[in-house]
Structures are given as C-alpha cells and as structure tokens.
Amino acid sequence: MYDIKQWKHIFKLDPAKSISDEDLDAICMSNTDAIVIGGTDDVTEDNVIHLMSRVRRYPLPLALEISNVESVMPGFDFYFVPTVLNSNDVTYHNGILLEALKSYGHVIDFDEFIFEGYVVLNPDSKVAQVTKSQTDLSEDDIEAYAQMVNYMYQLPVMYLEYSGTYGEVDKVKAAADILTDTQLFYGGGISSLGEAQEMASFADTIIVGDIIYTDIKKALKTVKIKESRQ
Ligand code: 1GP
C-alpha cells in the first residue's frame, strides 16, 4: 500500500477543467508522487468519474479531495477530507462531514481516509470565499493552528492553502517549526522550480495545481525537487 508520508510532490487536477491526453500523460509520467483530484466549483459525479478513469491508466496513487458529498465515489486509493479550521462556517468544519457519515459511515473504509486540517490563506481564492475563511492570520495564529492540529486534534495532515497565489514563506516555516507528527502540505501559486524548492524546504509535501493548465512545461519542472532530495 502507498505511504503518503513519503510523498514530496503532488499534482492536483481540477475535474472542472479540461486537460489534453498529451498533457495528462506528461503529468502522470512525470515522477510526481501522486495525483489528487479536487476543486471548489463545478465538481460533479460526471467530471470526477471521467477524470478518474483517465488517470487510472497510470500506475500511481490517486486520491480524491472531497469538496461535496455528491461527487464521492469508490475507486480511489485515498480520500482526503478537508476541515477548514479558519472557516467562519461550521459547515466546513464538520457539517458536510456529519451528513456524509450519516449517509455513508457504515460503508466507509476509514483506512483510506486522510483528514486534513486546512488553513485557507488567500482571501481572493474561491475556496476562501466559499468557506468564509478568516484569512488575515499572523504567524502567531499559524503557530496556534499548527499546535491545534499536531497536539490536540492529532490530524495526519495540515494544509496551508494559498490556492492561486504564492504564499508567505515565513508562515509556512512557522507551521513547519511546530509540527512534529503532522505532515505539512503547502499549495498555492507554485509556478517554477525555484518556488517549488523554496516551499519544499519547509513543507513536507507541495501541491501544484493551476500552472498545469497555464504552462505545462513549468509545471513539469517542479517535480525536479525530488531529484535534489534523493
Ligand atoms: C489548490 O493548493 C492547490 O488547492 C494548488 O494551488 O492551484 O495555486 O497551484 P495552485
């Protein structure tokens, strides 16, 4: 079975966006550690199953990051379940989860589920708007969230989500310095190998999304962080 603790690099594919067979092939053959399918808007059963069946031709781990209950389906290696710690709406802490467990709790294999403590930090991102996140956070706030996730909730993953913009390195470092057991995911605005290296020097795992759709060559170069660490 796959060990997500070993993952240094993830490509996140948005089921609502189109990608050519050629680009998808390059992404899946790139030496990335895993593919995550996830998005905020227009994530449907149809577009998730379509993308899943295309990625499944390749021998690499595939996870679904759940954004709504309607688009969850069997067939993934892992299910990433975000709980947005800085959301002002309880729906995004555990409200969706409660409804999902009431409907499907009896059939879930919990070994496949990874609970992610999300902190959303780009106020202009769709995810910040949808989840009504309080994004104006200091390093002290980030450290407290890291303590909460690592020592109190004891979640396997903390995800600093700057979706759409490159984040503040000092905040990523502040979280990294606190976490002892929880794996730190960083995602947002990575568009070059240099940025990938910078964030990977603090985060355990970096997530590369948007640049796949705007500059595939730059996206592919970010995987080279793995070479420098081996
Ligand atoms: C989005 O964190 C990921 O959920 C990656 O962010 O799309 O900005 O690369 P980008």
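Which residues surround the ligand? Here are my notes.

1. Before you start: this is a predicted model, where local features need pLDDT of at least 70, side-chain atom pairs count only at pLDDT 80 or more, and totals for chains, interfaces and linings use all residues. Residues are numbered from 1 along each chain as its sequence is written, and side-chain values use heavy atoms, with hydrogens and water left out.

2. Around the ligand you'll find Lys12, Tyr159, Glu161, Ser163, Gly164, Gly187, Gly188, Gly189, Ile207, Gly209 and Asp210 (each has a heavy atom within 4 Å of the ligand). Sorted by class, that shell has two nonpolar, six polar and three charged residues; Tyr and Ile count as nonpolar, Asp, Glu and Lys as charged, and Gly as polar.

3. The protein buries 93% of the 300 Å² that the ligand exposes when taken alone (Shrake-Rupley method, 1.4 Å probe).

4. Ala16 counts as partly exposed because its relative accessibility is 39%, and buried means under 20%, exposed over 50%, with partly exposed in between.

5. Setting aside neighbours within four places in sequence, Ala16 is in contact with Asp41, Asp42 and Asn47 (heavy atoms within 4.5 Å). As for Ser163, its C-alpha atom is 16 Å from that of Ala16, and the two residues are 147 apart along the chain.

Terms used:
Buried < 20%, exposed > 50% of the residue type's maximum accessible area, 1.4 Å probe, protein only.
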